[in-house]
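Me: I would like to go through this model and ask what stands behind the terms used for it.

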Amino acid sequence: AFPTNYFYEKFFKNIPFHCNRWCEKTPKNVLYIGRILAHFRKKVKILHIVRDGRDVILSRHPSKPDKYWISAKRWISEVNAGLSFYSHPQVYTLKYEDLVLYYDDTMKQICNFLEIDYNYRLKNFYQFATVRANISYTRGLQPLYKDSIGKWQNKRYRKKVDEFIKNKEARRLLKKLHYI
């Protein structure tokens, strides 16, 4: 059985029984994939989204814009946690950049994995989403935009990105994921 803890109390306890799909996007939840799979058994499919760590480490905290949000150590830990389920038939790993840059093709692959039809509502999710506001929607709900991809290439971030690249494990993961 799934242990009663913060994660369970916060997320699973309040899922209405009539729900047949549920989406939750908190990045640290990647640490719970094993528990989620054990709890829901064959009734769950998980999308594991990875993003170029060089961009991730440049993300600013929403309530503290002068601070970076994600450390190299955290990115490495969470990406490794998710990749440990790479071959699991109920886990589909994809790159954030593919979702943004090749939305239709990537969504068709996701829908195939989830065994659902790719349709107009999914193609135009921003028109139909029930969640209209979130701390991560800095520009409000809208179609995906490319501004957050490749930000690491800006010279003003060179020192922080160089520091990240010096980390052997970060470099190994970037290579494994075909970012470098």
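This is a predicted model: local features need pLDDT of at least 70, side-chain atom pairs count only at pLDDT 80 or more; totals for chains, interfaces and linings use all residues.

Me: Why is H48 called buried?
Reply: Its relative accessible area is 5%. Buried means under 20%, so H48 with its 5% counts as buried. H48 has its place in strand β1, residues 46-50. Of the 180 residues of the chain, 31% count as buried.

Me: What makes the pair of H48 and T93 a polar contact?
Reply: The side chains of H48 and T93 are joined at 3.2 Å. The limit for a pair of N or O atoms is 3.5 Å, with one able to donate a hydrogen and the other to accept it; the 3.2 Å pair is therefore a polar contact.

Me: Which residues does H48 touch, not counting those up to four places away in sequence?
Reply: H48 touches V30, E78, V79, G82, L83, V91, Y92, T93 and L94.

Me: What makes the largest nonpolar core a core, and which residues have the most contacts inside it?
Reply: A nonpolar core takes buried residues of the nonpolar kinds, such as Val, Leu, Phe and Trp, joined through side-chain atoms within 4.5 Å. The largest has 17 residues, and W75, V79, F164, L173 and L177 have the most contacts inside it. At least two residues each come from α4 (72-83), α9 (158-165) and α10 (168-176). Helix α4 gives the most, four residues.

Me: Where does L173 make contact, leaving aside neighbours within four places in sequence?
Reply: L173 is in contact with W75, I76, V79, N80 and L83. A second, separate core has eight residues, including I33, I36, V44 and V91.

Me: How do you know that there is space in the second largest pocket, and what lines it?
Reply: A probe the size of a water molecule, rolled over the atoms, shows where empty space is left. The second largest pocket holds about 260 Å³ of space. It is lined by 15 residues, of which Y86, T93, L94, K95 and L177 are the closest to its centre.

Me: Which elements supply at least two residues of that lining?
Reply: β4 (91-95) and α6 (103-114) each do. The largest share, four residues, comes from β4.

How values were computed:
Residues are numbered from 1 along each chain as its sequence is written. Side-chain values use heavy atoms; hydrogens and water are left out. Buried means under 20% relative accessible area, exposed over 50%, partly exposed in between (1.4 Å probe, protein chains only). Contact means heavy atoms within 4.5 Å. On a 1 Å grid over the protein atoms alone, a cavity is a set of points where a 1.4 Å probe fits but cannot get out, and a pocket is an open set with protein on both sides within 12 Å along at least five of seven lines; lining residues have an atom within 4 Å of a point. Grid points are joined across faces, edges and corners, and a volume is the space filled by probe spheres set on the points.
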